[in-house]
Amino acid sequence: MLVSKPVSALTNYNEVLSEIDRGNEVILTKNGHSKYAVVDVEAWQYMTSMLRFLSDMKAVDDEMMAGGTWYSHDELRSELGLAS
């Protein structure tokens, strides 16, 4: 659940932090506009890992589209020595 609070709410930071857990972020606003996000460190680590993974997958996809080798399912099994 997304909670939005003004930056000035950090004067009572323990109250703000008590509202944060995995899946529940606090968005801090400045002059009525979203400015900062406070998230659980596990959620942040998961998010950065997923972004890195998706970036790596995009690089592989770009390489394949640029003329990489494509294998059928049977060819891949054979190439990996898994042919049945």
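This is a predicted model: local features need pLDDT of at least 70, side-chain atom pairs count only at pLDDT 80 or more; totals for chains, interfaces and linings use all residues.
Three strands form an open sheet in the order S1-S2-S3, and the pairing is mixed. Strand S1 (3-6) and strand S3 (33-38) stand at the edges. Each has a single partner strand, so one side of each is left without a neighbour in the sheet. On average, neighbouring strands of this sheet are turned by 35° against each other, direction ignored.

Strands of a sheet pair through backbone hydrogen bonds, either parallel or antiparallel. In which sense do S1 and S2 pair? S1 and strand S2 (residues 26-30) pair in the parallel sense, over 4 bridges. Val3 stands opposite Val26 in S2.

Thr29 also lies in strand S2. Is Thr29 buried or exposed? Thr29 counts as buried, at 15% relative accessibility, because the cut-off for buried is under 20%. Not counting residues up to four places away in sequence, Thr29 touches Ser4, Lys5, Pro6, Val7, Ser34 and Lys35.

Ser8 sits in the loop between S1 and helix H1 (13-18). Ser8 counts as exposed, at 51% relative accessibility. Ser8 and Leu28 are 20 residues apart in sequence. In space, their C-alpha atoms are 8.7 Å apart.

**Salt bridges**

Side chains of opposite charge can pair when their charged atoms come close. The structure holds 2 salt bridges. One joins Lys5 and Glu19, with the closest N and O atoms 3.1 Å apart. Lys5 lies in strand S1 and Glu19 in the loop between H1 and S2, so the pair ties together parts that are 14 residues apart in sequence.

Lys58 and Asp62 also meet in a salt bridge through their side chains, at 2.7 Å from N to O. Both residues lie in helix H2, 4 residues apart, about one turn of the helix.

How do the partners stand towards the surface? The table lists their accessibility.

| Residue | Relative accessible area | Class |
|---|---|---|
| Lys5 | 16% | buried |
| Glu19 | 27% | partly exposed |
| Lys58 | 48% | partly exposed |
| Asp62 | 38% | partly exposed |

**A nonpolar patch**

Which residues form a nonpolar patch on the surface? They are Val39, Val41, Trp44, Met47 and Leu51. Together they have about 470 Å² of accessible area. Met47 is one of them, and its place is in helix H2 (residues 41-65). Met47 counts as partly exposed, at 44% relative accessibility.

Conventions
Residues are numbered from 1 along each chain as its sequence is written. Side-chain values use heavy atoms; hydrogens and water are left out. Two strands pair if DSSP finds at least two bridges between them. Helices (H or I, at least four residues) and strands (E, at least two) are DSSP runs, numbered from the N terminus. Axes are lines fitted to C-alpha atoms, for helices over the stretch in contact, and angles run from 0 to 180 degrees between N-to-C directions. Patches are made of residues with over 30% relative accessible area and no salt bridge: like charges are joined within 9 Å, nonpolar side chains (Val, Leu, Ile, Met, Phe, Trp, Tyr) within 5 Å. Accessible areas come from the Shrake-Rupley method with a 1.4 Å probe; for residues, only the protein chains shown count as cover. A salt bridge is a side-chain nitrogen of Lys or Arg within 4 Å of a carboxyl oxygen of Asp or Glu. Buried means under 20% relative accessible area, exposed over 50%, partly exposed in between (1.4 Å probe, protein chains only). Contact means heavy atoms within 4.5 Å.
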